[in-house]
Amino acid sequence: MDHVRTTCSLCEASCGAVMTVEDGKILKLAADREDALSGGFICAKGAAIPDLEADPDRIRSPLLRKNGKLQPASWEDAYAFIDGRLSAILAEHGPQATSVYVGNAAAHNLNIITYFEDLAKALGTTNLFTAASLDQNPRQVVSGLLYGDEFALYVPDIDRSQLVWIMGANPAESNGSMMVAPGFLGRMQKMHERGGRSIVFDPRRTMTADRASEYIPIAPSGDAAFLAGVAHTLLKLGPPETTALSLVDDLKQIAAWLTPFTPDAVADACGIDADTIVRLATELQETEAAAVYGRIGTTTQHFSSLTCWLMDIINILAGNLDAVGGSMFPKPLLAQPNTIGPSGVGEGFTVGKWTSRVSGAPEVVSQIPMACMAEEMDTPGDGQIRALFCLAGNPVTASPDTKRMQAALDGLDLLVCLDIYQGETASKADVILPSPPRLARPNYDAYLYRFAVRSYGRYTQQYRPLDMHERSDRETLLRLMAIAKGHGWDADIDALEEAELAATVEVMTQVPQSAIEGREPSEIMDMLRALEPGERRMDFGLRIGPFGDGFGSRDGITLQTLKDSPQGVDCGALVPRLPESLRTRTGRIEAAHGIFGEELERLSAWLGDPRPQFTLIGRRQLRSNNSWFHNIEKLQHPTRECTAQINPGDADRLGIASGDLVRVSTPKAAIEVPAEVTDALSPGVVSIPHGWGHEKLEGKLNVAAANPGVNVNTIVDYGDVDPLTWNGRVNGMPVDVVISNTG
Ligand SMILES: Nc1nc2c(c(=O)[nH]1)N[C@H]1C(S)=C(S)[C@@H](COP(=O)(O)OP(=O)(O)OC[C@H]3O[C@@H](n4cnc5c(=O)[nH]c(N)nc54)[C@H](O)[C@@H]3O)O[C@H]1N2
Ligand SMILES: Nc1nc2c(c(=O)[nH]1)N[C@H]1C(S)=C(S)[C@@H](COP(=O)(O)OP(=O)(O)OC[C@H]3O[C@@H](n4cnc5c(=O)[nH]c(N)nc54)[C@H](O)[C@@H]3O)O[C@H]1N2
Ligand code: SF4
Ligand SMILES: [Mo]
């Protein structure tokens, strides 16, 4: 029996864990008390990893569609099929007829997150879609514009804060997002014990709200109005002089834009009275170490980018941006744009480097927004998408306007899914390629540590070799790239990768102030060749990173350091990073982009708009993860049901009791869901979780199919997308609610 240190990695908390392994099976997963970040925390999902790995419905070899049915096939046959189809599509329609979709699970998989962009590049397409445009793109774009780097994403320095505002996030159940702070509730509790306070702003009194010092029921999409009132108040109070404030361009313009947004002017629209707004703003400013943090409820609503921008403005005006205990910029172990190159200035950031074919939507963080994916597939013409590589995602369930997405995917000439299950999207595939099991892959939460509340990393080596039916995701993606480039699936993929790495190394030796500036590229490549091909990129990223050894030029870490410390490498608490972390062209915080003035005008008009009778919002569930995890018997739980939560007053008025079937509809579509009457919901708000609707999965995911729930995205549509980012508005849609007459 072995005890193997690992990271759970199923969600963004990235908990350190220890697996008990016997005869190639994971018997148990327990918390690792020695982990510097998670300190002994895991949740029910982590503990269910043995069940997840042993699930008989997992895909363990490729499936290839023959005679209309997905059937087991060899990797060679699967690749040969893809090669044939893809080559024909490329020959006839060119590279723009191909596309890549990257789902949430890629962020939890080292190899997929490392190689997905290369696949899109190898295909030669700009049609790269990701779940980020149903999620955090407004946050990233606002960071890009203000700080010059889309990954300049601050986190609440929760372990040293005395006040944290939690807006549109429920870390008690999501375990935190764009913030790696495992055991968030424990950290929050510790803050309370040292006299600190937490305040939750949410239209639903969540599990986090129940544990917070104060709960403020804000109106759906009312955040921008509220924050504008707070910013107005902070300007009146007089912002403290900080490095962040001294770097802001252009405060005068921003103050002018905010002039009309008095607390009185915004109170009705956000549902928070003017005195409370003034009290909260004053407390925020007077508390030495305070942070404002927002997640899904702030980035997928009616004013997503504006809300993110206002959070930044408030963090700055209250003296909390880049302050210890405030909102701080992480410094991960792996190099990222704002830890490479000249300090404090850079190339800046833009959106719209190219536009989408059908709607002319802007490129956003090198992607086309998901709001355009179905139309790019179902609208005829030059550049119509005919092939999709779907990596660790499930757009049928995740994307608004499900029916259109389903039909669009059905119309493709080639759909290849890289997945571990045959879910709603993979069921439509021509080929499904499986990721290997946990014990046969290395792990490092490269994507997530960018949001960690400490500079921290924990690497897990592959525990056992791949068996004859398994391939690493690295190999799979490199073989798909080889096919896309016309080299054939059996090309020498190590050579292919080496050529790419050599090009990157060469560029980095020419970047001023990079850790290897002026070095001989061949010397660096020789050092990298001492490692396995699949480890070289990561070693490179660590060694040129802020804690790296610069390939021998200074004391620091390498991949070997991480291998030698399976319990994790902790490089300490966050440190203030302004102005060093900026990568804007001017070296300033470029906060006064005209779009934010325009958005404030849109907000101004909205303040007086009549409110819909019902607004639909979503919610995450503790024992779930978007559309998957529903196939694990042990994770079935009364709190994980697909219900429409509704306030008792509304329920009374409509004659609805818990358990009744209610019909929730828009002018275009309707669903029927059992009601759950609860005073956690504000009046006029109805909450339905996403990720459900497994009714067609019998024989594929049998446990999930037995309790299918309803896919809320059948009625959610992209509607009025966020003007700056075209992000999906999956929270805040007006709906009708009535008791069902079929129930
Ligand atoms: N209405 C509504 N819609 C939403 C949201 C909402 O709040 N409301 N939230 C949005 C958000 S934030 C997101 S991130 C998206 C999520 O959108 P998606 O990422 O498209 O959906 P998931 O359900 O997370 O799909 C993850 C897929 O990865 C697979 N998978 C799991 N582990 C692995 C692995 O190791 N390897 C491989 N190859 N595959 C794996 C799973 O089986 C599953 O098919 O949904 C969005 N959609
Ligand atoms: N257990 C579990 N963990 C998960 C996931 C999961 O499905 N299950 N999904 C993962 C993913 S992909 C993500 S992106 C993260 C998300 O992590 P979180 O954002 O923390 O999770 P949510 O539960 O979606 O929280 C969003 C909150 O916003 C509120 N809200 C809705 N509209 C508004 C609004 O207009 N204003 C305000 N202030 N609040 C609003 C909702 O009521 C909800 O409580 O969680 C990740 N972790
Ligand atoms: S909180 Fe997330 S990372 Fe931690 S054990 Fe649970 S699912 Fe795994
Ligand atoms: Mo997400």
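**Close-up 1. Ligand 1 and the residues around it in this predicted model.** An oxygen atom of ligand 1 is 3.4 Å from an N or O atom in the side chain of H690, which falls under the term polar contact (a pair of N or O atoms within 3.5 Å; within protein, one must be able to donate a hydrogen and the other to accept it, and residues adjacent in sequence count only if both atoms are side-chain atoms). A polar atom in the side chain of D419 lies 2.6 Å from an oxygen atom of the ligand, while R620 places a polar side-chain atom 3.1 Å from a nitrogen atom of ligand 1. There are 29 residues around ligand 1, and Y101, N104, N394, D419 and S627 come nearest; a residue is counted here if one of its heavy atoms lies within 4 Å of the molecule.

Because the model is predicted, local features need pLDDT of at least 70 and side-chain atom pairs count only at pLDDT 80 or more, whereas totals for chains, interfaces and linings use all residues. Residues are numbered from 1 along each chain as its sequence is written, chains are lettered from A and ligands numbered from 1 in the order in which they are written, and side-chain values use heavy atoms, with hydrogens and water left out.

**Close-up 2. Ligand 3 and its shell, with N175 among the closest residues.** The shell around ligand 3 holds 13 residues, of which C8, C11, C15, C43 and N175 are the closest. By type, this shell divides into 8 nonpolar, 4 polar and 1 charged (Ala, Val, Leu, Ile, Met, Phe, Trp, Tyr, Cys and Pro count as nonpolar, Asp, Glu, Lys and Arg as charged, and the others, Gly among them, as polar). N175 is found in the loop between helix 6 (171-174) and helix 7 (184-193), and its phi is positive, about 65°, although N175 is not a glycine. With a relative accessible area of 5%, N175 is buried (buried means under 20% relative accessible area, exposed over 50%, partly exposed in between, with a 1.4 Å probe and protein chains only).

**Close-up 3. N67 in the loop between strand 4 (63-66) and strand 5 (69-72).** N67 also is not a glycine, and its phi is positive, near 50°. At 82% relative accessibility, N67 counts as exposed. Helices (H or I, at least four residues) and strands (E, at least two) are DSSP runs, numbered from the N terminus.

**Close-up 4. Helix 22 (residues 536-543) and the helices around it.** Helix 22 is largely enclosed by the rest of the structure, because 7 of its 8 residues are buried. These buried residues are R536, M538, D539, F540, G541, L542 and R543, and they pack against helix 4 (110-123), helix 20 (493-510), helix 21 (521-528) and helix 23 (559-564).

**Close-up 5. R729 in the loop between helix 26 (702-706) and strand 26 (733-739).** R729 counts as buried, at 6% relative accessibility. A polar atom of the R729 side chain lies 3.4 Å from the backbone oxygen of D717. Leaving aside neighbours within four places in sequence, the residues in contact with R729 (contact means heavy atoms within 4.5 Å) include T300, Q301, H302, Y718 and P734.

**Close-up 6. C372 in the loop between strand 14 (327-328) and helix 16 (373-378).** C372 is buried, with a relative accessible area of 0%. Apart from neighbours within four places in sequence, C372 is in contact with F129, S356, A361 and W726.
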